[in-house]
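Me: I'd like to learn how to read a structure like this one. Could you take me through it feature by feature?

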Amino acid sequence: MAGDVESLRTALQNLELNSRPPCANHSHNTVPCSNVGSLACTGCYLVAYCCKKCQKSHWRIHKKDCKSPLMESTWMPSWVVEDRQPSFVNDDATQKPAAVFGALKYLWGNVPAIDVIRLGKNEGESFQGPLHILFAASGDIRNALLSVTALPQSYRGPIHMVLNDRDTDLVARNAILLLICFVEQNPLVAAEYAIHLWYSVFITEPCNNFLQHKLRPMVADVCKKIVQKPSSALLGKIWSFGNSSLRLVLTRDIWFSLLLYFDIPLGMTKEVAQLVRQRVVSAPERIDYLHRKLCLQSPPGRLSMTKFRNEGILLPFSQSRRNFTAVNPTFFPVYREWPMMDNADPMAGWSLDSFLKFDIGPARNDVYGKLYYYLRQLFVAFHHQIRSRPIKFSHLHVDARTLQNYVGGMRFDRIDVGNISDRHFLGVEVTLRTLSPLLQPRTANQHATLVTSFLNAVVEISTKRDNLRLSGELDWVEVHEYAAKVREYMPELDALKPTRVYITIAAMNLLYDMDMYFNSYMVSENFSGAALAAGLRMKPTHTIIDPWPLRFSGGQPTPETRKEFALLLSSDFTGQERYVEWQIASDSVEDLV
């Protein structure tokens, strides 16, 4: 993903935004210090102060965090402290299969965003022709956001970007985020509103007022005009903003449902909202699963993750939360239901390389602060891009298998299908057969590419012997063999005796021969036959995304490889995420499909 990061850095090079958190000296009883933090707390490197006086004044508050048990290298999970078997382990000491807790939705994504355009690697930096991009199962807007932001400044468009997802929550939230970027003229304000509506359970009153008085009337006006239409009729509305626009296509009933995402449900106070969220995020029956995750974090990482899970607001660690007093209605169209799983995390949707290297000053361990400032610059750049060239956004809400009926004969230069090509969704055969007719023929664009991702292939094709952690059949001989390999990259493992086995099992996933498994998966799923039937071929060289963008690089144990290993192990990624790029096999493919 280095290309994506470099393109984005180039796009942001002319933006001069302050990416330094404010002085951490604030409390509910005093006016927060408005100076920039320049002196880090050397006990945690999570907060910074403008001077020693502020640091001393704030110590009585910060001490609770800085001296938290989570910050101790000797911290142990609850099952160790209580001398019991963890709840994710069976009576015979084998691990239970992975279980879902909460709603099975990914409103924040589960793989890093990718730039699907990458002109420099495809059509070329000097290319000035039109681009048509399809996100067939978009999920949230992160791929669209990154793709637009990373466009070269020299490219003038036009672009038509079509997003589609059949999940109403995702479509509604995507539409709101795009409208914010179009309607709010101040890029920093737009970025602030978008970040918190996307990731924070609470928002500020100005943000809530913007929703109620700027955006909701735009949707309400559509609803007034379509009230007599049939409930299932697909109805489109285009909002134009200079040379750019947003077209939203929904059924009449979904248009009316969209209003729910602007309104805080009656009785949904801040306290009730947090209770609803905590019933999932901090469920007692899931404490061991959470602590297993915390075992893989650094001490500051444990504390940061716990703070976000407890508060639910994406901000730098030191920044005051006092102004976040309104419930974020986009999370609660259904009263008293939290719409995600208990392990959902904002970092799961972004490249670790992109935001962890983001310089926010002395508070170098503040990973959520780094993500916040990275996203702020991303949205500011996006805000600029959609005003500097003609970009048409269309958002559909249909089954991906029927997209050909709703795109008006359009052919696309890029098609990103997400992981609907995974076996337990549409599968590769149906995905390619359904979407290949929408790809530009090579006579129109030899760089036209369809991108599929396979997040579960290695897990699905693994035998029980090889897939110890997920199968639940724990072979102790195998564990010891893998432990020797893991120990090369984690020499501190021996000092973690009470949790060593569980860390080792998690780390084994990073060391599998993934090519062997994926080659078997391609045979079992008949990739060659699916490609032939769809008139496609696998691209011999990827130009959008590396086949294994998250795979551990391996090599000799060095400080750098050990750091890479620890970072991947602590993340939400497995390194088993596999991408395949496809192109039209020949110019006669239109006669074959």
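**A buried arginine, and onward**

Reply: Let's start with Arg 286, which is buried, with a relative accessible area of 10%. Buried means under 20% relative accessible area, exposed means over 50%, and partly exposed is in between (1.4 Å probe, protein chains only). Some background: this is a predicted model, where local features need pLDDT of at least 70, side-chain atom pairs count only at pLDDT 80 or more, and totals for chains, interfaces and linings use all residues. Residues are numbered from 1 along each chain as its sequence is written, and side-chain values use heavy atoms, with hydrogens and water left out.

Me: Where is Arg 286 found, and which residues is Arg 286 in contact with, leaving aside neighbours within four places in sequence?

Reply: Helices (H or I, at least four residues) and strands (E, at least two) are DSSP runs, numbered from the N terminus. Arg 286 sits in the loop between helix H9 (270–281) and helix H10 (287–294). Contact means heavy atoms within 4.5 Å. Leaving aside neighbours within four places in sequence, Arg 286 touches Ala 99, Phe 101 and Asp 342.

Me: How do I read a sheet? In what order do the 9 strands come?

Reply: Two strands pair if DSSP finds at least two bridges between them. Here the order is E6-E7-E9-E4-E3-E10-E11-E13-E12, in an open sheet with mixed pairing. Strand E6 (234–241) and strand E12 (536–538) are at the edges with a single partner strand each, so one side of each has no neighbour in the sheet. From one strand to the next, the twist averages 20°.

Me: And within the sheet, in which sense do E3 and E4 pair?

Reply: Strand E3 (residues 131–135) and strand E4 (residues 159–164) pair in the parallel sense, over 5 bridges. Phe 135 has Leu 163 of E4 as its bridge partner, and Leu 134 stands opposite Val 162 in E4.

Me: Is E4 mostly covered or uncovered?

Reply: Covered: 6 of its 6 residues are buried. Leading up to E4, Pro 158 lies in the loop between helix H4 (142–149) and E4, and the peptide bond from Gly 157 to Pro 158 is cis, with omega near 5°.

Me: What about two helices? At what angle do H14 and H20 pack?

Reply: Axes are lines fitted to C-alpha atoms, for helices over the stretch in contact, and angles run from 0 to 180 degrees between N-to-C directions. Helix H14 (residues 427–435) and helix H20 (residues 527–534) pack at about 15°, with axes 9 Å apart. That makes H14 roughly parallel to H20 (angles under 35 degrees; over 145 is roughly antiparallel, 65 to 115 roughly perpendicular and the rest oblique). H14 brings Val 428, Glu 429, Leu 432 and Arg 433 to the contact, and H20 brings Phe 527, Ala 530, Ala 531 and Ala 534.

Me: Which residues have a positive phi without being glycine?

Reply: Tyr 45 is one, with phi of about 55°. Tyr 45 lies in the loop between strand E1 (39–40) and strand E2 (48–49) and is partly exposed, at 21% relative accessible area. Asp 83 also has a positive phi, near 55°. Asp 83 is in the loop between helix H3 and E3, and at 71% relative accessibility Asp 83 counts as exposed.
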